[in-house]
Amino acid sequence: MVDVRYDIAFKLYPYEKVAAIGAAPVRHPVVIIGGGPVGMAAALDLGRKGTPVLVLDDHEGVGQGSRAICFAKRTLEICDRLGAGQAMVDKGVVWNVGKVFHGDQKVFEFNLQPEDGHKAPAFINLQQPYFEKFLVDAVREAQSNGCPIEIRGQNAVTAITVHEDFVSVDIDTPDGPYQLEADWLIACDGARSPTRDMLGLRFDGRVFEDNFLIADVKMTADFPTERWFWFEPPFKNSGASALLHKQPDDIWRIDFQLGWDIDRAKELKPENIRARVDAMLGEGADYTLEWTSIYTFQCRRMESFRHGRVLFAGDSAHQVSPFGARGANSGVQDADNLAWKLDLVVKGLAPESLLDSYSEERVHGADENILNSTRATDFLTPKTAISKVFRNAVLELAQKHAFARPLVNSGRLSVPCVYDGLSLNGPDELNGPARSRVGASCADAPVADGFLLEQLGGDFTVLALNTAPSDVADVDGIAVRTIRLDTRHDDPTGAIAARYLGDEPCGIYLIRPDQHVVARWAVADAADIKAAVRTATVRGG
Amino acid sequence: MELNLAPNINDPDGFYDELLGAHNGLSKDESDAFNARLILVLANHIGDRAILRAALEAAK
């Protein structure tokens, strides 16, 4: 018996009876619980590297509801490496302009003004079901190319037993229960993670006493493709703040901040939602309600994202407020960080302790996201009388004076974190631009036939700029690729020189499979590169 | 630079008069809002985070 918890938007992995029922438990190298954006990204990454991976999901596809709608450049770059990015960008709505209102006054507008010379846009809006579908499409493509990925729909995990060097998993299906074993288990089962509860692990943080009503409406309106945000909106009963943002298929996301003491059932009645939407869009606006929901949120994380053979990724490990698009985006970065490490561990090329760096680095990322989204929430929902006085003072001043605009916080939009000072980092011996320092994710840039990140791919890579690289093809079995570029010929816009060299004539970068910088030098020999690869894989420098 | 806590305002009585005068006719809420705006304007002028932190400490 498998409970149906939600309706499906796309049926992507219909239930099939598993041969394992009634047989002895089969051991799998990697099992992922939860086929959402994080689980699918991790499965795709591992499978494309040749590590067999099994995804268990208790439904047969993607749940309904737009949910995470805002996907950031780094996420799109990761998905591009996984073969799903272009479909997302093609379907998504690209936006750059945001307007901030206070009551009926426009406070200011901003333009993200994305830097030129990146393959991916700064942000797209895309309903989460599409995002997940494109990942599963890429899984199917990878499977047809022989990648060892399996997805089992309507396989619900009911118990987990952790042993010293493997995990036993009890699973229920429409045809009855069975058991399997996993060398490694990745829990991508969301903010209410049953895996976390089954292991009795804590998930501490701060609860925000507020309810947000989402109304996705379908209409052909000539509002521009912009993010409109109201503090103390002027429309009737619209709460403390409101947001209007465009999605594909003529769908508009409207959010109303309703406060804490509400009657959920009453607020979710279509006639009550329509009254609010009518007040916002104007009487007689022609629209249909596509999806509605009320959500509350917390900012919290697990103390560690690794518990022996069990790894937590995405919302199961950390939860943030939605302001800033840091939920799904940071989860995909978790998958990006974990997959190459687990792949090396499974293949016996790196020690298990490499997985501790997954927790170290992504806890760092989660703390940054929680800090940013907590600050945004405190601005949106002032907790005391004086904090509201200051908040409104900022909004009033921002209408007249540029200085106050950077203080307005309706969500600081997700950017990838830099792993400054963490254990996998090698030497930073190039006086290059700060943005490309050790620990940063590589900035994209045009090359002769495409973009740099496409060329980096998903291996350790030596990027030699205006210098001959030391010839390292392999470090103790770990492949190292080399890309040599001469910025006089291979840098059509000058972006590579600007983003990687600054005023330096030449440089050598060592880049991880997740495209973060391990080390950089003005001059490096083979021994330097080998030592840095060993540091980045926890085998001693 | 350090936070200057020595006398630094010319014509202190005149300044004090102007400060109070700016609140003339304002309700309590309007005065609170005015003070908040004034703090933000002055803080931006100072800019230096270390000085601002020292000022927050000095005002306690």
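A: Gladly. One definition to begin with: two strands pair if DSSP finds at least two bridges between them. Keep in mind that this is a predicted model.

Q: In which sense do β11(A) and β12(A) pair, and over how many bridges?
A: Strand β11 (residues 156-162) of chain A pairs with β12(A) in the antiparallel sense, over 6 bridges. Ala156(A), for instance, stands opposite Asp172(A) of β12(A). The link from β11(A) to β12(A) is a hairpin of 4 residues.

Q: Which strand does β12(A) run antiparallel to over 5 bridges?
A: That is strand β13 (residues 178-187) of chain A. Here Val169(A) has Leu180(A) in β13(A) as its bridge partner. The hairpin of β12(A) and β13(A) has 5 residues between the strands, and in it Gly176(A) takes a positive phi near 110°.

Q: How do I read the side chains along strand β12 of chain A?
A: In a regular strand the side chains alternate between the two faces of the sheet. In β12(A), residues 167-172, Val167(A), Val169(A) and Ile171(A) point to one face and are buried.

Q: Now a helix, please. Which residues of α7(A) are buried?
A: The general idea is that an α-helix has 3.6 residues a turn, so residues three or four places apart point the same way. In α7(A), the buried residues are Ile273(A), Arg276(A), Val277(A) and Met280(A). They cover an arc of only 95° around the axis, so they sit on the same side of α7(A). Among the elements that cover these buried residues are β14, β16, β17 and β18 of chain A.

Q: How far does α7(A) reach from its first C-alpha to its last?
A: Helix α7 of chain A, residues 270-281, has 12 residues and reaches 16 Å, close to the 16 Å expected at 1.5 Å a residue. Just after α7(A) comes Gly282(A), with a positive phi of about 105°.

Q: What do the buried residues of α10(A) pack against?
A: Their partners are β7, β8, β15 and α9 of chain A together with α2 (28-46) of chain B. The buried residues themselves are Phe390(A), Arg391(A), Ala393(A), Val394(A), Leu395(A), Leu397(A) and Ala398(A). Helix α10 (residues 385-400) of chain A has 16 residues and spans 24 Å from first C-alpha to last, close to the expected 22 Å.

Q: How many residues of chain A are in contact with chain B?
A: 9 residues of chain A are in contact with 6 residues of chain B. On the side of chain A that touches chain B, the classes are 7 nonpolar, 1 polar and 1 charged.

Q: What are the elements of chain B, from the N terminus on?
A: They run α-α-α, and chain B has 3 helices and 0 strands. The radius of gyration of chain B is 13 Å, well over the 10 Å that the globule rule gives for 60 residues, so chain B is more spread out than a compact globule. Its C-alpha trace spans about 40 × 25 × 20 Å along the principal axes. Buried residues make up 3% of the 60 residues in chain B.

Note on methods
Residues numbered from 1 in each chain as written. Chains lettered and ligands numbered in written order. Predicted model: local features only at pLDDT ≥ 70, side-chain atom pairs only at ≥ 80, totals over all residues. Helix = DSSP H or I, 4+ residues; strand = E, 2+ residues; numbered from the N terminus. Rg over C-alpha atoms; globule rule 2.2 N^0.38 Å. Buried ≥ 20, exposed ≤ 12 C-beta atoms within 10 Å, placed from the backbone. Expected span 1.5 Å × (residues − 1). Contact = placed C-beta atoms within 7 Å. Nonpolar A, V, L, I, M, F, W, Y, C, P; charged D, E, K, R; others polar. Arc of directions from axis to C-beta.
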